[in-house]
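Subject: Structure handover

Hello,

Here is the structure you asked about. Please load it before reading on; my notes come after it.

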Amino acid sequence: ANTSPLPSPGTRRCLRQLVPGLSAAMLRHYSLEVASPLLRTQSYVDGRWVSAPSVFPVLDPATGQELARVSDCGPTEAKLAVDAAHRAFDSWKQSTAKERSNLLRRWFDLLTLHKEDLAKLITFECGKPLRESLGEVMYSASFLEWFSEEARRVYGDIVPSPNKDRKVLILKQPVGVASIITPWNFPSAMITRKVGAALAAGCTVVVKPAEDTPLSALALAELAEQAGIPAGVFNVVPSSRENTPAVGKVLCSDPQVAKISFTGSTATGKLLLRMAADTVKKASMELGGHAPFIVFDSADVDAAVGGAMASKFRNSGQTCVCSNRFLVQSGVYQRFVDKLGKAMDEQLRLGHGSEPETTQGPLINSRAAEKVVEQVSDAVSRGAKVLRGGKRLHGSFVEPTLLADVTTDMLCTREETFGPLVPVIRFDTEEEALAIANVANVGLAGYFYSQDVAQIWRVSEALDVGMVGVNEGLLSTPEAPFGGVKQSGLGSEGSKYGINEYLHLKYMCLGSLKP
C-alpha cells in the first residue's frame, strides 16, 4: 500500500487539539505518493529483490496509519546477505579507485534527481518536516559525492629504510565485508555516510536499517542498482523489532564480516561490541550524546537564541548532536530565557511533516513521547518551572517545552532526552559550567556562545566532546570528522578520516636489493 487512509473520527478529534489553526490541515488525507520504483518493500540481496517468509508494518508516526508492509528478514536472510557481500568482495576490491569513484558519483546524481520523492519517504516514515527531509536527502547525497572523490585519494607511503638493501612500503587495503546498522532519525544520511566510505575503500556492505524506517534504505538500494553498483556490493536486510536481535547477532558475529559500523544508543553499541569481540572485528560506533549548550555573559544573546532553536528543535529534538542541557550564565539568564520563549512562540508549528508550515513533527513513537513527559514531570516535581509547553498531545506529539530553574539533580540533565525539551540551568562561573558540562559519561557534541576570544580557546579545549560548535548551533558537514569521546563512540565518520575506518594498513618490506 502506498497511501494512508483518512484518520478515524476519534483520531480526528484528537488532532483538532494539536494547535490552533492547524486542525483543518491535520484532517487532510495524507498519501505517500512516490515514483513506484522507489517504494520498495522486499529485501535487497545479491542484486535481487527478495521476499522474506513474513512482513511487518511501517507506520506514519504522525497518524499511526500503515504506509507499507516490508519483508521481515531473520537470521537466515541476514546470513544470505553476508554470503553475497563476501562473494562480491573478491571482485569489488579489485576494481580501480576510478571505477568506484564513478559509480558513487552516479549514485549521487540519482539521489539529487529523486530528492523530492526520497524526502517524502523520510517525512512519512520518520515524521520530520518535509523541508528538513529535503535537507537530509541533500546531506545524504553529499557523502556519496565526497567519498566518490576520496576513493581516488587512498594513498600509501614509502618510508625511508634504515637498511640500504630494503624498501619499506605501507599499503592501504579494504578490510572486507562491513555490517552497517543505522538509526531511524536520519534514515538516509546515516546510511550514505557509512556506505559511501565503505564502497570507496573497496569494501562491500550489508545494511540493517531501523525497523521504523526501512523504506528510505530500500529506496537507496533501488538507486544503487540504477547507478550500476554490482550485485552483492550493497545489500539491505530490513527486519522487525522482534527479529532485530537475531539479525544483529549474525551481522556482528559472522566470521565473514570484518567490520561493523553502528549508530544508535550507547547501551546497544556496547551489546554489539560484545558480540563482535569473539571474532575481533574492526568497529566504529557513533553512540549517545548529551550535548551541553552554554551561553556566557559575553555572548550575543540573539545569536545564541538562534543557535538554540536550530540545534534543539531540528527533527523535534531527535538528533544525537542536538542540545540537551542549556547552561546560561547569570548575567544573561533572564534575557536568554525570555527571548527563547518568544522565538518558540513565533517559529514553531506542530503538524504533519508534509504540511508546508510544519516545523515540528511527531516523535518517532509513543515510547519516545512518554520519555519526554517523564522528564518534564520529574523536573517539575523537583522545582522546575514550565514556561512553554509541557504537555503530550495526540499520539506521539509533544509540545515544545521550555523549563526554567532547572538543577543538575533532575532527570533531564542526567539523561539524553531525544525530544523537544529545553531545560535551562543557571550558572555563575566558567569553571562551574565546565564541571556541569563534563560530568556526563558521554561526549559527542557541545556548543557554547561567547565573544571573548581567550574564553573561546579555553572552553573549546576543555569540553570533553568530539565536536564543538562555537557560536554555531549546526555543525555537521561531510568535510569534517563526526565522532565522539568517552562512551559516545569509537572512530570518526565523514571527512578525509572516515574512509580509514574501512581500511587496514599493510607493511611491505622489500628486501635483498643490491645497493
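This is a predicted model: local features need pLDDT of at least 70, side-chain atom pairs count only at pLDDT 80 or more; totals for chains, interfaces and linings use all residues.

Annotated span. An unreviewed UniProt entry carries the annotation "domain: Aldehyde dehydrogenase" for residues 49-507. In the model, 40% of that span is helix and 21% is strand.

Strand S16. This strand is made up of residues 421-427, and six of its seven residues are buried, so the strand is mostly covered under the cut-off of 20% relative accessible area. Two pairings of S16 are worth noting. Strand S13 (residues 323-329) runs parallel to S16 and is joined to it by four bridges. Within that pairing, Ile-425 of S16 has Leu-327 opposite. Strand S15, residues 401-404, also pairs with S16 in the parallel sense, here over three bridges. Val-422 in S16 is the bridge partner of Leu-402.

Ser-133. This residue belongs to helix H6, which spans residues 130-150. Is Ser-133 buried or exposed? Its relative accessibility is 0%, and because buried means under 20%, Ser-133 counts as buried. Which residues does Ser-133 touch, leaving aside those up to four places away in sequence? They are Ala-119, Ile-122, Thr-123 and Lys-128.

That is what I have for now.

Regards

Conventions. Residues are numbered from 1 along each chain as its sequence is written. Side-chain values use heavy atoms; hydrogens and water are left out. UniProt positions are given in the numbering used here, feature names are shortened, and annotations may be inferred rather than shown by experiment. Buried means under 20% relative accessible area, exposed over 50%, partly exposed in between (1.4 Å probe, protein chains only). Contact means heavy atoms within 4.5 Å. Two strands pair if DSSP finds at least two bridges between them.
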